[in-house]
Amino acid sequence: MTTTPIPANPAISRRFRLQWEATQDSHVLLYPEGMVKLNASAGEILACCDGAHSVDEIVATLEAKFQKAGLRDDIAHFLAYASQQKWIV
Amino acid sequence: MTSALPPPLPLPAPHWLLAELTYRCPLHCAFCYNPLHYDAVRQELTTAEWIDVLHQARALGAVQLGLSGGEPLMRDDLVEIVAEARRLGFYINLITSGVGLTENRIAALKRAGLDHIQLSFQDSTRELNDFLSSTRTFALKLKVAKLIKQYDYPMVMNCVLHRYNLPHVGKIIEMALELGAEYLELANTQYYGWAMKNREQLMPTLAQVREAERVVAAYRERIGDRCRLLFVVPDYFEDRPKACMNGWGQVFLGVAPDGVALPCHNARGLPGLDLPNVREQPLAAIWRDSHAFNAYRGDGWMREPCRSCDEKARDLGGCRCQAFMLAGDASAADPVCAKSPHRHEVDRVVVLAAGLARNEQPILFRTDANSRRLKTRT
């Protein structure tokens, strides 16, 4: 199994639009004629992917926000998946 | 709280709003699904009325917006509608033949926030000769495809397939690759509206369908995710129906040019629905309460063999329009299903298509290469 490398400063691919949908109470990724509904943690992580912050900074931001340590592995795991799905570049 | 009835299931949101802005169209496609009587529909919604529909649909949870028709570029207010849709948070898909998509227009649409353009091609074929020789349409579409890339839209190319172009599916894929499309929708003709009228002419043979499947599979393997190929085997060649619209009144809300609200693209052709109009009722009432949107919601409407079928949750009884057209009853099982007592109606058409094809000549494209090859042969 190959793991997709995580971009240094992940950003949402220009082929997707990340958006908060109040009626679904979740973040969604929109693309031509389709939509991925994200769970709460996936939405939080992708919302940090602005191309300006490193993975370290994203981990720090989320650990501070949720006052919880040890999130790095989960975040890295998800970012690798997001990269493989081409959601982030 | 004395009711013995179970609590109602939460109503889904109409995630996909299809705005058929106009039935006007510069093309004359033999496979168009628009209603046969489209010319009688004259009272198009105004800009303000469309914008009101967008606001109401967004409040109901609609998120994907399709701008279609007819040819949506025939509307002078397209940019205005796009701009408002984007302000509301829609992801906006323009579904177009490309006719009328000038550079000025594509730039204005980009500024207004249009997200994606689906460009159809080889759909101006009123007959075989048009298909083979329509170099003017072809050149125009190539130009539009380049503009789409130049303005950095994701590009979905769409080609409607039928007996005349199924043998060229490889060439169609090559063209999509050359133009840099991210997706290619190889859309087998669905037999409604004008396509139903032309069904005998358009219906491919089983051999054509299987060969096209093979070609698509080979390309998929070769090109990976460079361009996503969407190819769905036409209903008539399968023995189970598709879950039409992902369920009636579950995801899809169409609005026709005159404001008629549609639970499916072809609902105008179904009898007894009493289709509501956005000019007369709020969209929420239409979606939640109207007879038309509840007529085939869930499975309470089903008859045998669907009612007791263990596959009913998967295919939802198939397509209501097909049931009406082929079995004469919109509540019947979709005759595509092998369990339908009307399956012979489908088989009859498939067998007929095979017979017609027996003496068919392969289509020869009028290309420089073919011309040269023919010359050396003689």
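The structure is a predicted model, and local features are described only where pLDDT is at least 70.

**Chain B as a whole**

The secondary structure of chain B consists of 15 helices and nine strands. Of the 378 residues in chain B, 46% count as buried. When contacts in chain B with a separation of 6 or more are considered, 72% of them are between residues 24 or more positions apart.

The largest nonpolar core contains 120 residues, and the residues with the most contacts inside it are Leu65(B), Ile92(B), Met155(B), Met157(B), Ala176(B), Ala181(B) and Leu184(B). Which residues does Ala176(B) touch, not counting residues up to four places away in sequence? They are Met157(B), Ala181(B), Leu184(B) and Cys227(B), and of these Met157(B), Ala181(B) and Leu184(B) are themselves named among the residues with the most contacts inside the core.

**Where the chains meet**

On the side of chain A, eleven residues are in contact with 13 residues of chain B. Strand E1 (17–21) and strand E2 (26–31) of chain A each supply at least two residues of the side that touches chain B, and E1(A) gives the largest share, three residues. By residue class, the side of chain A that touches chain B divides into four nonpolar, three polar and four charged residues.

The loop between E1 and E2 of chain A holds Asp25(A). This residue has a positive phi of about 50° although it is not a glycine, and Asp25(A) is exposed, with 9 other C-beta atoms within 10 Å.

**Two helix pairs**

In chain A, the axes of helix H1 (residues 40–47) and helix H3 (residues 72–84) come within 11 Å and cross at roughly 80°. Because of that angle, H1(A) is roughly perpendicular to H3(A). From H1(A), the residues Ala42(A), Ile45(A) and Leu46(A) meet Ile75(A), Phe78(A), Leu79(A) and Ala82(A) of H3(A). The residues of this contact divide into seven nonpolar, no polar and no charged.

In chain B, the axes of helix H2 (residues 78–88) and helix H3 (residues 103–112) come within 8 Å and cross at roughly 20°. That angle is why H2(B) counts as roughly parallel to H3(B), and H2(B) passes H3(B) in a right-handed crossing. On the H2(B) side, Val79(B), Val82(B), Ala83(B) and Arg86(B) meet Ala108(B), Leu109(B) and Ala112(B) of H3(B). The residues of the contact of H2(B) with H3(B) divide into six nonpolar, no polar and one charged.

**Backbone geometry in loops**

| Feature | Residues | Angle |
|---|---|---|
| cis peptide bond | Gly69(B) to Gly70(B) | omega near 15° |
| cis peptide bond | Glu304(B) and Pro305(B) | omega about 5° |
| positive phi, not a glycine | Asp25(A) | phi about 50° |
| positive phi, not a glycine | Met245(B) | phi about 60° |

The positions of these features can be given by the elements that flank them. Gly70(B) lies in the loop between strand E2 (64–68) and H2 of chain B, and Pro305(B) is placed in the loop between helix H11 (291–294) and helix H12 (312–315) of chain B. Met245(B), for its part, lies in the loop between strand E7 (228–231) and strand E8 (252–255) of chain B.

Is Met245(B) buried or exposed? Met245(B) counts as buried because it has 21 C-beta neighbours inside 10 Å, where the cut-off for buried is 20 or more. By contrast, Asp25(A) is exposed, with 9 other C-beta atoms within 10 Å.

**Leu326(B) and its surroundings**

Leu326(B) is found in helix H13 (residues 320–327) of chain B. It counts as buried, with 24 C-beta neighbours inside 10 Å. Leaving aside neighbours within four places in sequence, Leu326(B) is in contact with Pro335(B), His342(B), Glu345(B) and Val346(B). How many residues separate Leu326(B) from Leu202(B) in sequence, and what is the distance between them in space? The two are 124 residues apart in sequence and 17 Å apart in space, C-alpha to C-alpha.

Note on methods. Residues are numbered from 1 along each chain as its sequence is written. Chains are lettered from A and ligands numbered from 1 in the order in which they are written. This is a predicted model: local features need pLDDT of at least 70, side-chain atom pairs count only at pLDDT 80 or more; totals for chains, interfaces and linings use all residues. Axes are lines fitted to C-alpha atoms, for helices over the stretch in contact, and angles run from 0 to 180 degrees between N-to-C directions. Helices (H or I, at least four residues) and strands (E, at least two) are DSSP runs, numbered from the N terminus. Angles under 35 degrees count as roughly parallel, over 145 as roughly antiparallel, 65 to 115 as roughly perpendicular and the rest as oblique. A crossing is left-handed if the near helix is turned anticlockwise from the far one by less than a right angle, and right-handed if clockwise. Two residues are in contact if their C-beta atoms, placed from the backbone, lie within 7 Å. Ala, Val, Leu, Ile, Met, Phe, Trp, Tyr, Cys and Pro count as nonpolar, Asp, Glu, Lys and Arg as charged, and the others, Gly among them, as polar. A nonpolar core is a set of buried Ala, Val, Leu, Ile, Met, Phe, Trp, Tyr and Cys residues joined through C-beta atoms within 7 Å. A residue is buried if 20 or more other C-beta atoms lie within 10 Å of its own, exposed if 12 or fewer, and partly exposed in between; C-beta atoms are placed from the backbone.
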